[in-house]
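Me: Here's the one I wanted to go through with you. Let's take it piece by piece.

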Amino acid sequence: MKKLMLLALAFSFGLSVSAQQGRPQMDPQQMVKAQLEFMTKEMSLTADEQTKVEVVLTASAQEMQQAMQSAGGDRQAMREKFQSIRQEQGKKISAIVGQQRWDAYQKKVQEQFPNMGGGGEGRP
C-alpha cells in the first residue's frame, strides 16, 4: 500500500509541478491512462489485467474527485480519505495481478520515486 501511495504522490506532484510551469493539468482520465501505462510497463500486465486494473483505477479516480469536492478545503480529511481509497485500490489490484507481482511492483516504485516520502501505510 505504501508504494501505491508513493505512485499517487508522484503523479500528484507531477501535476502540481506541471501546473506551476504553465502546463495543463491532467484530468482524471489522463491520470488513469498514465497510471495504467506505468503499471502495464512495470508489471507486464496482460490485456485482461489491463482492463481490470483500468476499472479499479477509474473508480478510485472518481472517488478521489468526490473526496476533493466534499472535503470543503479540509486537507487532513481529504488526505485521510485518499489514503483509504489508495489502500482499497491496492488490495483490488493485488487481487488481479497476484501478491508477488504487486509486491515486486511496489518495490520498483519505491526505487524509482525514493524521495516521495512514505510516512503512512497508504500508490502506482
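Predicted model: local features only at pLDDT ≥ 70, side-chain atom pairs only at ≥ 80, totals over all residues.

**Chat notes**

Me: Starting with Ser44, is that buried or exposed?
Reply: Ser44 counts as exposed, at 56% relative accessibility. Buried means under 20% relative accessible area, exposed means over 50%, and partly exposed is in between, using a 1.4 Å probe and protein chains only.

Me: OK. Where does Ser44 sit?
Reply: Ser44 is in the loop between α2 and α3, the latter covering 47-70. Its phi is near 50°, a positive value in a residue other than glycine.

Me: What about Thr40, buried or exposed?
Reply: Thr40 is buried, with a relative accessible area of 19%. It lies in helix α2, residues 28-43.

Me: What does the Thr40 side chain reach?
Reply: The backbone oxygen of Leu36, at 2.7 Å. For a polar contact the cut-off is a pair of N or O atoms within 3.5 Å, one able to donate a hydrogen and the other to accept it.

Me: And which residues does Thr40 touch beyond its neighbours within four places in sequence?
Reply: Leu45 and Gln50, where contact means heavy atoms within 4.5 Å.

Me: How do α2 and α3 cross?
Reply: Their axes come within 9 Å and cross at roughly 140°. The axes are lines fitted to C-alpha atoms over the stretch in contact, with angles from 0 to 180 degrees between N-to-C directions. The two helices are therefore oblique to each other: under 35 degrees is roughly parallel, over 145 roughly antiparallel, 65 to 115 roughly perpendicular and the rest oblique.

Me: Which residues make that contact?
Reply: From α2, they include Leu36, Met39 and Thr40, and from α3, Gln50, Val53 and Leu57 are among them. The contact residues divide into seven nonpolar, five polar and one charged. Here Ala, Val, Leu, Ile, Met, Phe, Trp, Tyr, Cys and Pro are nonpolar, Asp, Glu, Lys and Arg charged, and the others, Gly among them, polar.

Me: Switching topic: what angle do α2 and α5 make?
Reply: Roughly 110°, with the axes coming within 10 Å, so α2 and α5 are roughly perpendicular to each other. Phe38, Met39, Glu42 and Met43 of α2 meet Arg101, Trp102, Tyr105, Lys108, Val109 and Gln112 of α5. That contact has six nonpolar residues, one polar and three charged.

Me: And α4 with α5?
Reply: The axes of α4 (residues 75-97) and α5 (residues 99-112) come within 6 Å and cross at roughly 125°, so this pair is oblique. Gly90, Ile93, Ser94 and Val97 of α4 make the contact with Gln99, Arg101 and Trp102 of α5.

Me: Last one: where is Lys92?
Reply: Lys92 is in helix α4 and is partly exposed, with a relative accessible area of 42%.

Conventions
Residues numbered from 1 in each chain as written. Heavy atoms only, no water. Helix = DSSP H or I, 4+ residues; strand = E, 2+ residues; numbered from the N terminus.
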